[in-house]
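Please look over the model shown here before reading on. The notes below are meant for someone who has not seen it before.

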Amino acid sequence: MNRRKFLKYAGLASGSLAMAGVSAGSFMAGRSKDSYTGWGRTPYGKDQFFNRTPFLVEKPTYQIVGKPERITYVENIFRRNSEFFRLLMNRHPDGITWDKSQGIEGLPEPLKTYYTNHPSAFEEFFRMREKAREQRTNWPKYKDKYHLADAWSTAHSSFLGGPALFPAEPSGPPEEADFKGVNPNPLPLKSPEHGSKLIKKIAHSFGATLVGIARIKKEWVYQGSLRGVGRVDFEVPEHWKNAVVFAVPHEWESFYANPVYGTSYDAYSMLRFISGKLEVFIKEIGYSARSHVPPGQYDLIMPPLGIDAGLGELGRNGILITPELGGNTRLAAISTDMPLIADKPIDAGINKFCKKCKICADECPSGSISFDDAPKHVIRGFKRWKIDQDKCYTAWNSFATSHAKGCRICLAVCPYSRKNNWIHTLAREVDPRDPTGVTSKAMLEMQKNFFDYPGANEYLPPPDGNNKTFGKPPDWLLTEEWFDV
Amino acid sequence: MFEYSMIQPLFWMAIGLLTAVFFLGLRYWFQDLKIRMYWWKWLVVAIWLILLAVTLGGAFTLIGENEPKAGVRFLLFFGIIILLIGGGIWKIVARK
Ligand code: SF4
Ligand code: SF4
């Protein structure tokens with residue numbers, strides 16, 4: 001064979017090898033744990049961040065259509081339900097007793113007003129209790145299969161038990177509680193810009209993936225209940241000026257295997273550690289601080305603060321969607337009087353994408369997410385997609401888990417909750433820069449036609465479904481891989 | 001893992017080398033087939049090759065992500081389009 005002939009065939013072989021190499025390299029890019037969003041080298045604030053500068057806007061992408069109102073604490077399903085449970089267990093603080101025959105009319109305030117305005121939520125509460133009871137009797141059937149997933153979640157939720165809650169719950173009025181332990185001799189801060197930069201670096205060093213700063217608007221503060229004080233109507237404390245809002249993702253592999261193999265507590269426990277440490281740090285440098293942390297220790301509502309802080313936009317599923325983490329974004333915040341520069345909100349086209357997408361609505365096992373093309377419900381002065389939180393909570397109580405551990409399907413199926421590898425990064429970067437909308441249309445078509453979704457009911461246990469998960473569970477959560485079951 | 005390891009730059013260097021040898025061989029193929037190549041023809045061939053690489057890469061990334069069905073559908077859909085485009089390009093390139 002002469003040199004020329006050799007090179008001709010070597011060329012063909014090389015071309016084929018190069019393409020095989022590209023395929024193998026891509027396979028690795030898809031498989032690699034380095035592509036789990038938010039799990040890279042975030043402690044130094046340098047990782048997989050989306051450049052928000054081209055998308056900064058003056059007005060956030062939520063729509064104000066009336067006079068913004070504060071949210072009363074009973075509008076939060078967990079606080080409403082715990083109030084209702086206390087009443088049913090004869091533990092109402094004023095000794096009031098109630099049974100179902102008295103109906104909504106006979107309920108004490110504020111439950112009476114809430115359920116008068118939301119009668120379907122009242123019925124759903126009892127449906128949820130029924131489902132929870134049913135699932136408690138079913139649990140022995142599933143407890144071996146989900147033994148590891150349950151142990152893993154319980155380990156993450158262990159911070160909730162015992163007296164050593166971290167961060168400690170505030171006690172007393174905010175004017176006292178938020179200043180407990182504040183350094184009385186602070187050094188003069190060079191400028192609010194320095195303050196913002198420093199706090200962001202510190203929050204990253206404590207493990208926060210995303211950090212932003214927002215002014216605290218009164219409509220982001222709960223009404224009717226104040227931690228450390230009790231059930232009172234109150235004015236927003238003067239010193240709640242700024243919120244440092246931060247986010248972490250769930251562990252990637254379990255997140256994809258929602259609902260039964262996932263948990264909310266992995267992200268919650270991380271957020272609590274970050275928040276507790278940040279609270280101490282801010283007090284050490286001389287400013288007031290109060291943590292607002294999951295699962296329910298909040299005086300502020302998180303998603304709108306995250307939007308104002310420029311972290312992301314509100315999704316159809318009612319949660320904050322960020323360009324980096326998508327729906328896999330769990331939030332906490334610190335309110336403080338530290339002088340800080342607020343970030344600007346962004347418009348990266350997420351809200352617009354939601355109008356066409358509806359994947360979360362299609363996959364929601366409880367049918368709680370609106371299918372309306374555009375948001376049309378006015379909720380506390382804002383135009384929004386409606387979420388039926390009561391039906392959602394009934395689904396939580398229906399899954400084959402030891403207790404209502406959450407669902408998170410609408411987080412996992414969201415096309416923004418994809419890995420940090422070249423193909424998804426390309427989509428993330430090109431779509432918001434394409435004014436024609438062709439990219440987002442193409443992405444959505446691919447999402448819907450190339451990917452398989454189990455289907456809303458399939459996530460539920462039999463007879464309604466088949467305990468399906470969105471993605472494949474990791475081997476380390478499969479009990480049968482490690483134990484004889 | 002792979003992304004941040006020593007292997008990664010070496011891997012891409014190897015891919016670059018293989019691609020260079022491929023183009024060298026291709027030059028001889030065109031000469032022997034008596035096809036006159038102009039700069040724009042080379043450009044079209046290179047673009048087609050990039051599209052092929054993106055198609056293979058996209059499909060295998062999805063397969064690597066535990067989305068084998070999405071990967072195969074991606075490969076079939078874009079693969080057929082790329083092959084059809086390839087046929088068209090060949091007709092243009094092969095014009096003597
Ligand atoms: S958490 Fe589950 S049930 Fe609730 S809205 Fe999301 S998908 Fe629906
Ligand atoms: S799944 Fe689609 S509609 Fe739902 S939040 Fe995500 S992008 Fe929006």
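This is a predicted model: local features need pLDDT of at least 70, side-chain atom pairs count only at pLDDT 80 or more; totals for chains, interfaces and linings use all residues.

1. Local features are described where pLDDT is at least 70, and side-chain atom pairs are counted only at pLDDT 80 or more. Totals for chains and interfaces use all residues.

2. Extent of the interface between the chains. The contact brings 38 residues of chain B against 39 residues of chain A. About 3,600 Å² of area is buried between chain B and chain A, and carbon and sulfur atoms give 67% of this area. On the side of chain B, the residues that lose the most area to chain A are B:Tyr28, B:Trp29 and B:Glu65, which together make up 16% of what that side buries.

3. In one salt bridge, the side chain of B:Asp32 meets that of A:Arg4, with an N to O distance of 3.0 Å. Which helices of chain B supply the side that touches chain A? Helix 1 (7-32), helix 2 and helix 3 each supply at least two residues. Helix 1 of chain B gives the most, with 13 residues.

4. Domains of chain B. Chain B is split into domain 1, residues 1-33, and domain 2, residues 35-96. The contact between them takes 6 residues from domain 1 of chain B and 9 residues from domain 2 of chain B. Their C-alpha centres are 17 Å apart.

5. Contact between these domains. Domain 1 and domain 2 of chain B bury about 680 Å² between them, with 84% from carbon and sulfur atoms. In domain 1 of chain B, the most area is lost to domain 2 by B:Phe23, B:Phe30 and B:Leu33, together 78% of what that side buries. How many salt bridges are counted between the two domains of chain B? The count is 0. There are 2 residue pairs in polar contact between these domains, both at pLDDT 80 or more.

6. Helix 15 of chain A. This helix spans residues 422-430, and its buried residues are A:Ile423, A:His424, A:Ala427 and A:Arg428. These residues lie on the same side of helix 15 of chain A because they cover an arc of only 135° around the axis. They pack against helix 16 (438-450) of chain A, and also against helix 2 (39-64) and helix 3 (68-94) of chain B.

7. A:Leu444. This residue is located in helix 16 of chain A. Is A:Leu444 buried or exposed? A:Leu444 has 8% relative accessibility, so it counts as buried. Leaving out residues up to four places away in sequence, A:Leu444 touches A:Phe353, A:Lys356, A:Cys357 and A:Ile359. The C-alpha atom of A:Leu444 is separated by 28 Å from that of A:Ala267, and the two residues are 177 residues apart along the chain.

8. A:Gln135. Helix 4 of chain A, residues 119-142, contains A:Gln135. With a relative accessible area of 5%, A:Gln135 is buried. Neighbours within four places in sequence aside, A:Gln135 is in contact with A:Tyr142, A:Asn397, A:Ser398, A:Phe399, A:Ala400, A:Thr401 and A:Pro461.

How values were computed: Residues are numbered from 1 along each chain as its sequence is written. Chains are lettered from A and ligands numbered from 1 in the order in which they are written. Side-chain values use heavy atoms; hydrogens and water are left out. Buried means under 20% relative accessible area, exposed over 50%, partly exposed in between (1.4 Å probe, protein chains only). Helices (H or I, at least four residues) and strands (E, at least two) are DSSP runs, numbered from the N terminus. The arc is that of the directions from the helix axis to the C-beta atoms. Contact means heavy atoms within 4.5 Å. Domain bounds come from an automatic or database domain assignment. Buried area is the accessible area (1.4 Å probe) that two parts lose on being put together, summed over both. A salt bridge is a side-chain nitrogen of Lys or Arg within 4 Å of a carboxyl oxygen of Asp or Glu. A polar contact is a pair of N or O atoms within 3.5 Å; within protein, one must be able to donate a hydrogen and the other to accept it, and residues adjacent in sequence count only if both atoms are side-chain atoms.
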